[in-house]
Amino acid sequence: MAKERFPKEYLDKYASILGSDFERFIAAFGTKPKKTIWCNSLITTPAELCEELSQRGFALSGLGFSDNAFIIDSGPERPGQDGAFGQGKFNLQEKASMLPVVALGAMPGERILDAFAAPGNKTLQLCCLCKNNADITCLERDPGRIHTLQFNAKKYGMKIDAKKLDFQKFKDNEGFDRVLLDAPCSSEGMARKRLDALSEWSEKKVANMSKRQKKAIVRGFDLLKDNGTLVYSTCSLSPEEDEEVIDHLLSQRPDAKVEKTKLPGVNASKGILRYKEKEFDSRVEGCTRLYPHVWDCQPFFFAKVAKA
Ligand SMILES: C[S@@+](CC[C@H](N)C(=O)[O-])C[C@H]1O[C@@H](n2cnc3c(N)ncnc32)[C@H](O)[C@@H]1O
């Protein structure tokens, strides 16, 4: 991939973070990862879905970290045009973006907050893993996107309470067992899909997002019950939006503990401890970075934090 197509600030940033891996990182943007799907186990089973799709020429392999997750090894060009997709039997979802919900470990019967929910890819995963038997509150402030979330809730058969509301205005007195913060971010990870996702990227935008993310994570953590669990994720690999946000939470809330996540079949990298003049709390090493040149995925970050 020609470097001239990336913003110079972006190249400088990742050359300094990745050192000798930088060339491989940039080269990964010139290739597309295989498509991956999430089986909607609310209305079919993984075995039935594989059988149905194989009859139409798809070859699928399990992704190891969840019975619902598959990679399409070969088959028709546009799986989104398959009838089973229209019927809501599967969702097309990038494999790295499936990991936050798998790491969250939500269970049936729990009270769960999906604070930045639309269009609902991770909400569907939550509903499947809780067998549609959990009290799931979903927030989304954008009117068009809440509509898409409601459309998807119907399509996939998800039982959720979707509210059109700004997370910063959300009030709750009971506390949640699990909080998912799939935070709005600079979206630089989308660049592996379309490089023009970086056309509006700048260090200024990253710094602005970081301020909002720090506010959100403290608020999300305060909404947890004691012994509750939060997962924070972004599709950005900028340390300001990732480790710096977790470092901020650890400095503000002494009862926050980073939990390391090891998921089968995932080629993950640790959180970084230093960036420019900043040195982070050593516990941020327990965060997870997902690099396109390491796991052939969308660039992604997540951290699991317990309230203990
Ligand atoms: C990264 S996307 C979420 C993707 C979603 N979790 C999924 O997996 O399909 C972030 C979403 O948060 C919404 N959002 C941004 N700021 C918000 C706020 N303060 N309160 C509620 N929603 C917000 C955006 O409109 C966007 O839909």
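At what angle do helix α8 and helix α9 pack, and how far apart are their axes? Before I answer, two remarks on the basis of this talk. This is a predicted model, in which local features need pLDDT of at least 70 and side-chain atom pairs count only at pLDDT 80 or more, while totals for chains, interfaces and linings use all residues. Residues are numbered from 1 along each chain as its sequence is written.

Two packed helices are described by the angle between their axes and the distance between the axes. Helix α8, residues 203–222, and helix α9, residues 243–252, pack at an angle of about 45 degrees, and their axes are 9 Å apart. Helices here are DSSP runs of H or I with at least four residues, strands are runs of E with at least two, and both are numbered from the N terminus. Axes are lines fitted to C-alpha atoms, for helices over the stretch in contact, and angles run from 0 to 180 degrees between N-to-C directions. α8 and α9 are therefore oblique to each other; angles under 35 degrees count as roughly parallel, over 145 as roughly antiparallel, 65 to 115 as roughly perpendicular and the rest as oblique.

On the α8 side, the contact is made by Ser210, Gln213, Lys214, Ile217, Val218 and Phe221, and on the α9 side by Glu244, Val245, His248, Leu249 and Gln252. Contact requires C-beta atoms, placed from the backbone, within 7 Å of each other.

Let us turn to the core. The largest nonpolar core has 78 residues, of which Val179, Leu181 and Tyr232 touch the most other members. Helix α5, residues 95–104, gives the most to this core, with seven residues. Such a core is a set of buried Ala, Val, Leu, Ile, Met, Phe, Trp, Tyr and Cys residues joined through C-beta atoms within 7 Å. Buried means 20 or more other C-beta atoms within 10 Å of a residue's own, exposed 12 or fewer, and partly exposed in between, with C-beta atoms placed from the backbone. Not counting residues up to four places away in sequence, Val179 touches Leu113, Ala115, Gly220, Leu223, Leu224, Gly228 and Leu230.

Finally, two loop residues. Phe58 lies between α3 (46–55) and β2 (59–62); Phe58 is buried because 21 other C-beta atoms lie within 10 Å. Leu263 lies between β10 (256–259) and β11 (269–270), and Leu263 is partly exposed because the count within 10 Å is 15.

How values were computed. Contact = placed C-beta atoms within 7 Å.
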